[in-house]
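Student: I have the sequence and the model open. Can we go through some local features, beginning with a sheet?
Tutor: Go ahead.

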Amino acid sequence: MKSISVRSIALHLLLLDYAHGFSAVTSSKVVKLKQQSNNKSNNNNPNNNSSTYSFSIPLTTKRPKPESFIETFQELWNDPRPVSSLLSTNDRSNVGERENEATGAVEDIPYCIISDEFEVEGEMFQILLYPRGRFVGGDSSSSSTSSSIGGSDISSTGYPASAYLRYLPKQYGDEIDIAWKLQLCSNNINADDDDDKKILSISTSGGLPRSDTTWSAAMTFCTELESVESVGRTTDWGSSIWLAEEVCSALGNLVAEGEITVFDKRSGESSFALPLLQKGAMGAVYKAANAASTAQDDVERDYRVGEVIVPRQIPGLDAEMKTLKEQFVYPGIDYRIMTMSDKHGNAIFSTESLNSNDGKGQARLALRPCGWKLQQQLWKKNGMKTDWPVEVNAGLLSKVTTTRFNPESAIPRIVSAFQRDWITYTLALAIALTPIPLTLFARNFVSLYDIPSASMEPTLLKGDVLLVEKFPGVYQRTKRGDVVLFQPPPALRDIVTKSGSQLSSTSLFVKRIVGLPGDRNIRLVEDNDVMINDSNAVGPDRSLCADEPLRLIDKLLENGKGKEIDQLGEDDVYVLGDCKAVSVDSRVFGTLPKRNVVGKPVARIYPLDRIKLSGNF
């Protein structure tokens with residue numbers, strides 16, 4: 001969440017009121033959805049007064065550029081990318097180019113595509129699509145001691161494509177409880193034949209039921225300043241689960257399809273309404289914290305979809321915690337309730353709709369841990385055989401879970417973090433407690449770097465964290481075949497900029513040095529391999545990684561600056577990635593000045609099952 005001061009809240013409220021309907025993204029058309037089903041007469045759950053509506057909305061309109069200072073301010077306010085990177089670019093509305101397969105024309109890839117607004121029971125919604133992800137184009141550096149290496153993997157756009165459902169309230173305090181399902185389809189939007197429709201695949205399905213194509217979730221959608229995601233309140237919500245290459249290839253023919261189930265809607269939900277702690281965000285936070293702290297042995301606590309819960313180890317409840325661990329629910333880890341159903345399998349929004357403790361305890365909660373890396377870590381490390389979410393009875397959770405806002409969750413969360421990744425957290429704590437002179441030393445000469453791409457596979461995998469030394473004279477300690485970190489030369493910067501991404505002054509790339517000053521007869525040969533001094537370039541077999549489907553490397557190599565070099569200069573080296581199918585290296589951008597080499601990895605410290613306390617990669 002953004003840090004918001006009282007002054008900024010007042011200013012933002014003023015701007016929202018001026019912008020009609022509190023919407024940062026608007027379109028001229030409004031589509032009214034048709035009701036698909038009505039669950040008000042469901043005998044198994046008489047308290048479920050929900051109605052379901054289906055939608056099929058084209059995604060063809062690029063988000064319009066702001067035309068006034070207020071619109072510009074709103075766009076920057078809602079944009080998750082670093083403001084510094086947005087202000088430093090001339091056009092933040094595009095994030096690259098693509099070749100239209102049908103026409104052969106080169107077209108811009110918009111940062112954001114918006115659907116027409118559509119109406120559900122008098123409330124307005126909109127689909128937002130980010131073809132290359134919400135964060136693409138942002139500053140890649142994260143801190144002075146932990147930076148991202150500039151990605152040189154053309155099979156990855158940096159982030160998966162993202163799709164979000166956005167609520168457009170008519171006035172401050174409006175909110176609506178909904179569950180929704182969403183899938184992206186590629187087809188001719190003017191055709192009636194569904195046989196030509198292709199449903200794009202996803203990496204995970206959110207809630208239940210699990211699916212390879214459909215994202216599902218549930219939340220309370222509300223005014224932006226009343227949103228608190230930890231208790232399931234938001235203005236827009238979605239996920240980054242679509243393959244960016246697939247989405248970018250389908251631009252112009254994309255349709256968002258799915259359904260929305262409405263459980264309840266309210267107005268006047270403001271945190272500033274009297275009496276305090278009864279409505280809006282503050283009321284929801286107070287209610288969740290109070291429910292968790294006052295749970296009794298004979299009373300089941302209530303849960304709402306979207307809220308985040310934190311299991312704790314409670315004395316006397318070891319059997320319950322053992323059962324939860326068998327379902328991959330561990331103490332000290334944040335889990336979000338993605339969807340919920342009663343004991344009959346009917347979708348519900350809250351256990352408050354159930355009449356008895358027996359009914360509340362048998363409600364089924366679909367849980368998944370917050371944070372993508374954590375989800376993958378728990379999945380692989382502990383032998384999980386299926387994807388998230390896991391389905392757990394509310395009664396099993398009632399006595400052992402609390403909220404993020406309860407002080408009792410602090411210690412379990414800290415202990416859990418160190419258990420998951422004790423090396424990284426210990427290093428971070430040590431740096432935080434180190435005297436300033438030693439901290440400055442670590443900042444300048446030792447850093448952590450996160451591998452963002454597949455260009456060095458299988459040697460270094462995406463997500464690996466390296467401990468890197470940056471003492472002066474790194475190049476003098478480097479020999480042929482060493483993996484190094486380097487500042488991008490101008491030719492590489494130009495390639496990255498033209499792709500729609502941006503680099504900061506601290507962005508680094510990782511490659512293997514295969515050519516040294518004075519080397520002769522550097523040639524690009526069959527299968528995109530490289531010969532140096534009439535011998536194969538040193539390093540591992542560079543064909544062990546997966547090919548990038550669009551084979552973009554072939555297009556870059558057509559005009560590669562390093563395809564044929566008679567002799568390397570006394571100040572130049574030649575670098576290659578270990579994955580020739582995706583790596584943008586000296587074959588493309590030419591030689592690298594040896595002064596640009598600034599670091600060498602001395603260890604891989606993450607993930608835990610790939611720790612390597614040696615710089616010999």
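Student: In what order do the strands of the open sheet of 4 strands run?
Tutor: The 4 strands of that open sheet follow the order 29-28-27-30, with antiparallel pairing. Strand 29 (535-536) and strand 30 (564-567) stand at the edges with a single partner strand each, so one side of each has no neighbour in the sheet. Strands here are DSSP runs of E of at least two residues, helices are runs of H or I of at least four, and both are numbered from the N terminus. Two strands count as paired if DSSP finds at least two bridges between them.

Student: How many bridges between strand 27 and strand 30?
Tutor: Strand 27 (residues 520-524) and strand 30 are joined in the antiparallel sense over 3 bridges. Arg523 is opposite Glu564 in strand 30.

Student: What kind of model is this, and how are residues numbered?
Tutor: It is a predicted model: local features need pLDDT of at least 70, side-chain atom pairs count only at pLDDT 80 or more, and totals for chains, interfaces and linings use all residues. Residues are numbered from 1 along each chain as its sequence is written, and side-chain values use heavy atoms, with hydrogens and water left out.

Student: Overall numbers, then. How many helices and strands, and what share of residues is buried?
Tutor: The protein has 15 helices and 33 strands. Of its 617 residues, 51% are buried, where buried means under 20% relative accessible area, exposed means over 50%, and partly exposed lies in between (1.4 Å probe, protein chains only).

Student: What fraction of contacts joins residues at least 24 apart?
Tutor: That fraction is 72%, counted among contacts between residues at least 6 apart in sequence. A contact is heavy atoms within 4.5 Å.

Student: Switching to aromatics. How many aromatic pairs?
Tutor: There are 11 aromatic pairs in the structure. Phe118 and Phe125 make a stacked one, 6.2 Å centre to centre with 25° between the planes. Rings of Phe, Tyr and Trp (its six-membered ring) pair if their centres lie within 6.5 Å; planes under 30 degrees apart are stacked, over 60 edge-to-face, and the rest tilted.

Student: Are Phe118 and Phe125 buried or exposed?
Tutor: Phe118 is buried at a relative accessible area of 0%, and Phe125 is buried, also with a value of 0%. Trp180 and Phe221 form an edge-to-face pair, 5.3 Å centre to centre and 75° between the planes. Trp180 is in strand 12 (residues 175-186) and Phe221 in strand 14 (residues 215-222), so this pair ties together parts 41 residues apart in sequence. Trp180 is buried at 3% relative accessibility, and Phe221 is buried at 0%.

Student: Which residues form the aromatic cluster?
Tutor: Phe55, Phe118, Phe125, Tyr167, Trp180 and Phe221 form one aromatic cluster.

Student: Now helix 13. Which residues are buried?
Tutor: Ala491, Leu492 and Val496 are buried in helix 13 (residues 490-498). Viewed down the axis, the buried residues fall within an arc of 135°, so they line one face of the helix; the arc is that of the directions from the helix axis to the C-beta atoms. The face turned away from the buried side carries the exposed residues Pro490, Thr497 and Lys498.

Student: What covers the buried residues?
Tutor: The cover includes strand 25 (483-486), strand 26 (509-515) and helix 15 (586-589).

Student: How many residues of strand 26 are buried?
Tutor: 7 of the 7 are buried, so strand 26 is largely enclosed by the rest of the structure. Strand 26 runs antiparallel to strand 25, with 4 bridges, and Val484 has Lys511 in strand 26 as its bridge partner. Strand 26 is also antiparallel to strand 31 (residues 572-576), with 3 bridges. Gly515 stands opposite Tyr574 in strand 31.

Student: Last one: where is Val231?
Tutor: Val231 is in the loop between strand 14 and strand 15 (233-234). Val231 is buried, at 8% relative accessible area.
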